[in-house]
Each structure stands twice: as structure tokens, then as C-alpha cells.
Amino acid sequence: MELPKAEILQVACEIADGSRALLPRALHPAIPEYVTFVVTRYPESPVGPFDLAQVRLMARAGVHPRGYVVGAVASTASAASELRARWGYPAAPGEITLRRYHDRVAAMVRREGQTILEMALIDPEIVSGGDLQYIHGITLARVDGASQLIQVDPHYTLHNAARGRAHVSRFDAAAWHATPITLTTPISASVSTSDTDLPRIRFVMDPEAPVVRGTRKVR
């Protein structure tokens with residue numbers, strides 16, 4: 001799925017010890033433990049324009065950093081259905097706003113009339129696209145009747161980028177299936193405009209086995 005001109009807002013925060021309760025055994029917590037909140041506006045896609053919000057618990061698969069998706073919200077039902085069926089995202093329909101102001105870039109996510117996430121990048125400063133890193137995601141889904149970790153590894157061609165201070169004013173952990181997570185210290189925030197995609201799945205992993213033994217290439 002080709003996704004040109006995407007606007008990506010990412011906020012990272014350290015958390016209290018909650019990773020082990022949520023991560024599959026094949027993944028190891030990041031050090032220090034942290035989450036990333038990613039809100040993306042896709043103005044063009046095969047299923048029409050949509051927004052996607054993710055809460056990702058950062059981890060390692062072997063030596064590789066990965067973002068384990070514990071919760072996701074899509075702004076249209078068709079996008080949520082595609083994301084669940086083809087890439088294993090735990091996406092539910094909801095309302096997402098992403099707005100740029102002179103001193104911040106702010107996002108809000110609502111579901112069933114409740115605000116479940118409010119966050120912002122404050123005081124953006126322009127940086128090179130090479131200064132940003134988007135870590136590949138991992139979802140948990142059933143493949144041929146068995147639970148599998150799905151590696152989702154988009155490509156990015158950045159057109160512009162900025163960094164700033166991270167601020168999360170509301171995070172309803174239960175609404176994101178992330179009850180053990182308690183936010184502690186903001187780390188960083190970034191925003192970019194990028195041509196990206198959702199590629200064909202290349203690797204799946206056994207959620208209960210070390211990745212060196214449990215990884216299978218999809219042909």
C-alpha cells in the first residue's frame with residue numbers, strides 16, 4: 001500500500017516497569033523502558049484518506065529495536081479493517097485530529113465519546129531528515145490459525161522534519177490495552193512529512209520462542 005505525503009507525529013516517553021507484562025516472550029524490553037505514540041495522517045491511500053494512531057511499547061527482537069503495537073485507532077472503518085486483515089494491527093475505528101500551530105504540533109484521539117490520548121510536540125526546530133529514525137513495528141495476529149508476531153517495516157522518504165519537546169497531557173492506558181503502563185519522563189518528539197508505505201509482510205515470528213529460532217521468512 002503506497003502512502004505518499006504522510007504527516008507523522010511521534011512522541012516518546014519513558015515508563016515505569018510495565019513492559020514485561022505486555023511483551024510476548026520473544027521480545028525483550030528496551031533499556032530504559034519507553035513507549036512511542038505515533039499519529040499519522042495519510043492523505044492518499046487505496047482505501048482513501050485516513051489517520052492512524054498507535055501506542056507502541058519499544059522492545060528488542062534479538063539485537064534489533066522494534067515497536068510492539070499494543071493499541072491502534074484508525075479514523076475510518078475501511079482503513080481499520082485493512083490494517084487488521086493485512087498487517088495485524090489491533091486497529092479500532094475512532095476520531096483523530098492532527099494540527100500544526102506556530103509553536104506546536106498537537107494530536108488528539110477519541111473513541112466512543114472519550115478522549116484517550118492528547119499529545120504535542122512543543123517548539124519545533126527544523127532538522128535534517130537523516131536525524132530521525134523510525135523503528136520497524138511488530139503486531140500480534142493469527143496466521144493460519146496460530147499466533148504470530150508480524151514485522152511491519154515501511155520505507156520512508158522524508159521531505160521535511162522537525163524536533164521539539166514532548167508533552168503528553170492525557171493517556172488512557174486501559175483504552176489502548178496497555179493498563180500496566182505508567183508514563184514517567186518525556187524523551188523527545190518529532191514530526192515529518194514523508195512518502196511511505198505498508199509493504200508486503202516479509203517476516204513472522206513465534207511469540208513464545210527466541211527470534212533466532214522462531215523467525216520465518218514469508219515467501
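Reader: Is F171 buried or exposed?
Author: This is a predicted model, in which local features need pLDDT of at least 70, side-chain atom pairs count only at pLDDT 80 or more, and totals for chains, interfaces and linings use all residues. Residues are numbered from 1 along each chain as its sequence is written, and side-chain values use heavy atoms, with hydrogens and water left out. Buried means under 20% relative accessible area, exposed over 50%, and partly exposed in between (1.4 Å probe, protein chains only). F171 has a relative accessibility of 18%, so it counts as buried.

Reader: How many aromatic pairs does the structure hold, and of what kind is the pair of F37 and F171?
Author: Rings of Phe, Tyr and Trp (its six-membered ring) pair if their centres lie within 6.5 Å; planes under 30 degrees apart count as stacked, over 60 as edge-to-face and the rest as tilted. The structure holds three aromatic pairs. In one of them, F37 and F171 have ring centres 5.1 Å apart and planes at 70°, so this pair is edge-to-face.

Reader: How far apart in sequence are the parts that this pair ties together?
Author: Strands (E, at least two residues) are DSSP runs, numbered from the N terminus. F37 lies in strand β3 (residues 34-42) and F171 in strand β12 (residues 156-171), so the parts tied together are separated in sequence by 134 residues.

Reader: Of what kind is the pair of Y42 and F50?
Author: Y42 is buried at 8% relative accessibility, and F50 is buried at 2%. Their ring centres are 4.8 Å apart and the planes stand at 40°, so the pair is tilted.

Reader: How much space lies in the largest cavity?
Author: On a 1 Å grid over the protein atoms alone, a cavity is a set of points where a 1.4 Å probe fits but cannot get out; lining residues have an atom within 4 Å of a point. Grid points are joined across faces, edges and corners, and a volume is the space filled by probe spheres set on the points. A search of the whole structure finds one cavity of 30 Å³ or more. The space in the largest cavity is about 190 Å³.

Reader: Which residues are the closest to its centre, and which strand gives the largest share of the lining?
Author: The lining of the largest cavity has 18 residues, and the closest to the centre are Y42, Q54, R56, P154 and Y156. β1 (2-15), β3, β4 (50-61) and β13 (183-197) each supply at least two lining residues. The largest share, three residues, comes from β3.

How values were computed. Helices (H or I, at least four residues) and strands (E, at least two) are DSSP runs, numbered from the N terminus. On a 1 Å grid over the protein atoms alone, a cavity is a set of points where a 1.4 Å probe fits but cannot get out, and a pocket is an open set with protein on both sides within 12 Å along at least five of seven lines; lining residues have an atom within 4 Å of a point.
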